[in-house]
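Work through the exercises below with the sequence and the coordinates at hand. Each task is followed by a solution in steps.

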Amino acid sequence: MHDDPECSPVSFGLIVIGDEVLNGGRTDLHLTTFKRLIGERGHDLAWHWMLPDDPDVLTAHLRFSMGRPEPVFVCGGIGATPDDHTRACAAAAAHVALVRHPEAAQLIADRFGAEAYPHRILMADLPEGADLIPNPVNRVPGFALARHCFLPGFPKMAWPMAEWVLEQRFGHGERLHEAAVEVRGVSESQLILPMRRLGEDFPDLKLFSLPHMDEDPHILLGFRGRGDLTEAMNALCRELDREGIGYAEPALERPR
């Protein structure tokens, strides 16, 4: 367990790999769950990619993301079948060899016995220098390399493994909060100038405008950030008053 009672918030990337979720019959479930797992620990999701089982595409994208500062969860493609390219692509992107990891090989041999050979044992061929991520379901590990955590595509395995990573390596930070007012009777374009002024006054917060175009049209205008949003929301209301734009009070506020 991470020892710090409260850590600095971390922004993560998420990559989901598989032709079956891009063009097949499976629906991706990872995005919603990773948003929850990351958010409830006071961190946030910076970006999300969905990629095919294509070695050239995977290697190029992993090389790019390995050059970025944020840690990344990668789900899918670490099995032993011919369409599982993630292990080899991670090695290529990191410019290291794909080698037999002795601890991973022992875990797979202990789990499957003679049936580990000749195919299942291939899941122990990992990028050189990778660390293992324990799998509580079938003991076949994931691996970590270059701030990337590579997990199975199966949700029942990936999610508890991700929780282990978050608890062991990142701990809990201050949760993200959101506050907004409902603005009615104006278009988004009429909010551009006050939003520009507010963005300059509160650069550490995320200012957002979220239109609702249903039978009850309105715009949620507000801030997202950590700590007390009172000062920013008071300034937002003053800007709307100055522009003569009506809004519903009180402001809505909830942890993210």
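This is a predicted model: local features need pLDDT of at least 70, side-chain atom pairs count only at pLDDT 80 or more; totals for chains, interfaces and linings use all residues.

**Exercise 1. The largest pocket**

Task: State the volume of the largest pocket, then describe its lining by position, element and residue class.

Solution. 
1. The volume of the largest pocket is about 660 Å³.
2. Its lining has 36 residues, and Gly 77, Asp 84, Pro 152, Gly 153 and Phe 154 are the closest to the centre.
3. Two or more lining residues come from each of strand E1 (11-17), helix H1 (19-22), strand E7 (142-145) and helix H6 (155-170).
4. By class, the lining has 17 nonpolar, 11 polar and eight charged residues.

**Exercise 2. The nonpolar cores**

Task: Find which members of the largest nonpolar core touch the most other members, and which elements supply at least two residues of this core.

Solution. 
1. The largest nonpolar core holds 30 residues; Ile 15, Leu 62, Val 74, Ile 108, Phe 143 and Phe 150 touch the most other members.
2. At least two residues each are supplied by E1, strand E2 (44-51), helix H3 (55-66), strand E3 (72-75), helix H4 (86-94), helix H5 (102-112) and E7.
3. H5 gives the largest share, five residues.
4. Back in the largest core, take Phe 150. Leaving out residues up to four places away in sequence, Phe 150 touches residues including Leu 62, Val 74, Ile 133 and Phe 143.

**Exercise 3. Leu 151**

Task: Is Leu 151 buried or exposed, and which residues does Leu 151 touch?

Solution. 
1. Leu 151 is part of strand E8 (residues 148-151).
2. The cut-off for buried is under 20% relative accessible area. Leu 151 has 0% relative accessibility, so it counts as buried.
3. With residues up to four places away in sequence not counted, Leu 151 touches Phe 34, Phe 73, Ala 158 and Met 161, among others.
4. Phe 73 is 78 residues from Leu 151 along the chain, yet their C-alpha atoms are 7.4 Å apart.

Definitions and conventions: Residues are numbered from 1 along each chain as its sequence is written. Side-chain values use heavy atoms; hydrogens and water are left out. On a 1 Å grid over the protein atoms alone, a cavity is a set of points where a 1.4 Å probe fits but cannot get out, and a pocket is an open set with protein on both sides within 12 Å along at least five of seven lines; lining residues have an atom within 4 Å of a point. Grid points are joined across faces, edges and corners, and a volume is the space filled by probe spheres set on the points. Helices (H or I, at least four residues) and strands (E, at least two) are DSSP runs, numbered from the N terminus. Ala, Val, Leu, Ile, Met, Phe, Trp, Tyr, Cys and Pro count as nonpolar, Asp, Glu, Lys and Arg as charged, and the others, Gly among them, as polar. A nonpolar core is a set of buried Ala, Val, Leu, Ile, Met, Phe, Trp, Tyr and Cys residues joined through side-chain atoms within 4.5 Å. Buried means under 20% relative accessible area, exposed over 50%, partly exposed in between (1.4 Å probe, protein chains only). Contact means heavy atoms within 4.5 Å.
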